[in-house]
Amino acid sequence: MDAKARNCLLQHREALERDIKTSYIMDHMISNGVLTVSEEEKVKNEPTQRQRAAMLIKTILEKDNYSYISFYNALLHEGYKDLAYLLHGGIPVISSSNGKDSVGITSYEFSSFMLVLFWISVRTVLCEGGVPQRPVVFVARKKLVNAIQQKLFKLSGEPGWVTIYGMAGCGKSVLAAEAVRDHSVLEGKF
C-alpha cells in the first residue's frame, strides 16, 4: 500500500475501529478478492466489535492499494459515508510495474477498475444465488447450519425440500442463507 493511503488509514484508525461493524465490510472485500476467508475468520475470532475492526484494519494495512480501495467502497456501500469521506484523500493511484518503472493509471482506467470490482461483486452474488448478506447482529449456529447442509446433500440432485420452521423472528431466513452460503452446496443443489 502506498504511503499516502497507509497514513490516511492510520490517521483515522481510531474512528474506524470505534464505528464499523466488520461483517458486511468483509463480505464486500471477499467478493472483491482482496480478503481471504481465513483472514475473515481471524477477524471474527476477536472477542469485541472494536477488536474485530482493529484486526480488519491491521490486515488491510498489510495489503496493497486494491485493498484500500475495496475497503473504501465497502464503507460507502454499507452506509459509512462519513468514514469513507475521511479516507477519500488517501485513495491511491493504482500503478503497474514492469520491472523498473511504474506508470500511474488514468481516471478512465481507474473507472474501469472500479467497474471490474463491481462486476466481481455481482458475479459473486449470482454465484451465491442472491444469498443475502449476514445481518449486523449475527449469531452463528454451526450445528443447525451443518444439519441443513447435510439434508441438502442427502437430496443427491433429486427434487425435494428441506423445511426450516420456527416462531416469527427467530432467524429462519438468516439460518437458511447461512446454510447455502457455502459454494459446494450451491453448485451441487441449485
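Trainee: What share of the 190 residues of the chain counts as buried?

Mentor: The share is 34%. Buried means under 20% relative accessible area, exposed over 50%, and partly exposed in between, with a 1.4 Å probe and protein chains only. This is a predicted model: local features need pLDDT of at least 70, side-chain atom pairs count only at pLDDT 80 or more, and totals for chains, interfaces and linings use all residues. Residues are numbered from 1 along each chain as its sequence is written, and side-chain values use heavy atoms, with hydrogens and water left out.

Trainee: Why is serine 23 called buried?

Mentor: Its relative accessibility is 16%. The cut-off is under 20%. Therefore serine 23 counts as buried.

Trainee: Where is serine 23 found, and in which helix?

Mentor: Serine 23 is found in helix H3. Helices here are DSSP runs of H or I with at least four residues; strands are runs of E with at least two; both are numbered from the N terminus.

Trainee: Which residues does serine 23 touch, leaving out those up to four places away in sequence?

Mentor: Serine 23 touches Pro135 and Val136. Contact means heavy atoms within 4.5 Å.

Trainee: Which residues of helix H4 (residues 37-44) are buried?

Mentor: They are Glu39, Glu40 and Val43.

Trainee: Why are they said to be on the same side of H4?

Mentor: They cover an arc of only 105 degrees around the axis, which puts them on the same side of H4. The arc is that of the directions from the helix axis to the C-beta atoms.

Trainee: What do the two faces of H4 look like?

Mentor: The face turned away from the buried side carries the exposed residues Val37 and Ser38. The buried residues of H4 pack against helix H3 (22-31) and helix H5 (49-61).

Trainee: Why are H6 and H7 called roughly antiparallel?

Mentor: The axes of helix H6 (residues 65-77) and helix H7 (residues 81-88) cross at roughly 150 degrees and come within 7 Å. Axes are lines fitted to C-alpha atoms, for helices over the stretch in contact, and angles run from 0 to 180 degrees between N-to-C directions. Angles over 145 degrees count as roughly antiparallel, under 35 as roughly parallel, 65 to 115 as roughly perpendicular and the rest as oblique. H6 and H7 are therefore roughly antiparallel to each other.

Trainee: Which residues make the contact?

Mentor: H6 gives Tyr68, Phe71, Tyr72, Leu75 and Leu76. H7 gives Lys81, Leu83, Ala84, Leu87 and His88.
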